[in-house]
Amino acid sequence: MTTTAVTPARPESLLRRLAALLPGLLLLAAVGYAGKFIEQSINAYTKARHITFPNIEYVLWAIVLGLVIANTVGIPRIFQAGVATYEFWLKAGIVLLGSRFLLGDVLHLGGISLLLVAIAITLSLTFMHLLGRAFKLKPKLTSLLAVGSSICGVSAIIAAKPAIEADDEDASYAIAAILALGAISLFTFPLIGHSLHLSDKAYGLWAGLAVDNTAEATAAGALYSDAAGKVAVLAKTSRNALIGFIVLGYAIYWSSRGQAQKIGNKAAFLWQKFPKFVLGFLLISLLATLGFFAKPQLASLANLSRWTFLLTFAGVGLRTSLRELGKQGWRPFAVGAIGEVFIALLTLGLVYGADLYLHL
Amino acid sequence: MANSPRPFRKAFSLDVYAVVLALALALLVRLNLIPPVKW
């Protein structure tokens, strides 16, 4: 009897995995820092020569530089793993940003956000399904687009895909549409906000409620002002916290139609889908509220979150391939785009209402 | 294969690593183990 020795695949050492991330991380840092350098240089130049010039935030420079690199020379393979860590830095940055909120503010603004999110989600999911039907999209693709545009973009689509057993192709279409629309909102939201003279709080709340991906929502907020960026992150975090409930709802719907498996332990499912960084954000906010950090230490934490966001914004540009976005069919994009315009208008109305009646 | 250990990467999500990193940084700042961070 011959036996074949099965050699278990040697797990890659942690050190080797970290080393593989290094080139991409350096690229993120270089692009992000170049964005900051350009902003500072323009400011210094225009100030020294008494030239009136609008301040273009480092956020925009970092994204544009990333976009140019990704869509001209491309991202060589060696950089890709490190560039993909931009979402990790986003989440770490959001947790650190908790230090800039007193828990009372989180509960006040977060509560308003949750209320608005609940209204917006109900209306936008209904609208997206009607649109999907009108454009004759596959029902599961419509579900993915609805989840992506009303909750939190790519993460929501990734969370929903296995739960409703959607095709890979549908998920890629939905992700591509959401990414393309996210990129467009980065450039349009600040312009609309300025033309409507929205306050930092109102704009931040709007960006957090309407822009799909957390990275893009953070960037769209920061493009308006530092204060707006802070509020956008809080509103977006409240929205993210609901991801499990919506995905669970869809999973139950599709399993009741015999097109997805039944969910056994619903509490475990909710916990699995719950974005854990929300808890980290609340913990740091609680510590800051209890006076655990001295004032200079709070400033350091806020600056640390800015540095991590810098890496995120560089990553947003670097991972956006215009060619890939162009490859998708026009119908998912059209449904996504019409849906996004509807959600942007709806949330803008809700924010105006909240400002009037709930005093933001 | 009920007893096979879950791979470390799969046991924890990206979120958990991000929270751990952020809390570790906050602790270092609190204990003044890193110099003030400028922007």
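Reader: What share of the 39 residues of chain B counts as buried?

Author: Of those 39 residues, 18% count as buried, a term that requires 20 or more other C-beta atoms within 10 Å of a residue's own, while exposed requires 12 or fewer, partly exposed covers the range in between, and the C-beta atoms are placed from the backbone. This is a predicted model, in which local features need pLDDT of at least 70 and side-chain atom pairs count only at pLDDT 80 or more, whereas totals for chains, interfaces and linings use all residues. Residues are numbered from 1 along each chain as its sequence is written, and chains are lettered from A and ligands numbered from 1 in the order in which they are written.

Reader: What makes the radius of gyration of chain A agree with that of a compact globule?

Author: For 360 residues a compact globule would have a radius of gyration near 21 Å, and chain A has 21 Å, so the two agree; the radius is taken over C-alpha atoms, and the globule rule is 2.2 Å times the number of residues to the power 0.38. Along the principal axes, the C-alpha atoms of chain A fill a box of roughly 80 × 60 × 45 Å. Buried residues make up 48% of the 360 residues in chain A. Among contacts with a separation of 6 or more in chain A, 81% join residues 24 or more positions apart, a contact being a pair whose C-beta atoms, placed from the backbone, lie within 7 Å.

Reader: Which parts of chain A supply the side that touches chain B?

Author: The contact takes 20 residues from chain A and 18 residues from chain B. On the chain A side, helix 4 (86-97), helix 14 (277-289) and helix 15 (295-318) each supply at least two residues, and the largest share, 7 residues, comes from helix 15. By class, that side has 12 nonpolar, 4 polar and 4 charged residues, where Ala, Val, Leu, Ile, Met, Phe, Trp, Tyr, Cys and Pro count as nonpolar, Asp, Glu, Lys and Arg as charged, and the others, Gly among them, as polar.

Reader: Why are helix 5 and helix 11 of chain A called oblique to each other?

Author: The axes of helix 5 (residues 103-134) and helix 11 (residues 226-240) of chain A cross at roughly 55° and come within 9 Å, the axes being lines fitted to C-alpha atoms over the stretch in contact, with angles running from 0 to 180 degrees between N-to-C directions. Angles under 35 degrees count as roughly parallel, over 145 as roughly antiparallel, 65 to 115 as roughly perpendicular and the rest as oblique, and the two helices are therefore oblique. In this pair A:Val106, A:Leu109, A:Gly110, A:Ser113, A:Leu114 and A:Val117 of helix 5 meet A:Val231, A:Leu234, A:Ala235, A:Ser238 and A:Arg239 of helix 11. This contact has 7 nonpolar, 3 polar and 1 charged residues.

Reader: What makes helix 10 of chain A mostly covered?

Author: In helix 10 (residues 214-224) of chain A, 11 of its 11 residues are buried, including A:Glu216, A:Leu223 and A:Tyr224. What covers the buried residues includes helix 2 (58-71), helix 4, helix 8 (168-195), helix 9 (200-210), helix 11 and helix 15 of chain A.

Reader: How do you know that A:Val83 is buried?

Author: A:Val83 has 23 other C-beta atoms within 10 Å, so this residue is buried. A:Val83 is found in helix 3 (residues 77-83) of chain A and, leaving aside residues up to four places away in sequence, touches A:Gly24, A:Leu27, A:Leu28, A:Ile75, A:Gly315, A:Leu318 and A:Arg319. A:Val83 and A:Ala29 are 54 residues apart in sequence, and 9.7 Å apart in space from C-alpha to C-alpha.

Reader: Why does A:His50 count as exposed, and why does A:His197?

Author: A:His50 has 6 C-beta neighbours inside 10 Å and therefore counts as exposed, and A:His197, with 8 C-beta neighbours inside 10 Å, counts as exposed too. A:His50 is in the loop between helix 1 (14-48) and helix 2 of chain A, whereas A:His197 lies in the loop between helix 8 and helix 9 of chain A. Most residues other than glycine have a negative phi. Phi of A:His50, however, is positive, near 50°, and A:His197 has a positive phi of about 55°.

Methods:
Two residues are in contact if their C-beta atoms, placed from the backbone, lie within 7 Å. Helices (H or I, at least four residues) and strands (E, at least two) are DSSP runs, numbered from the N terminus.
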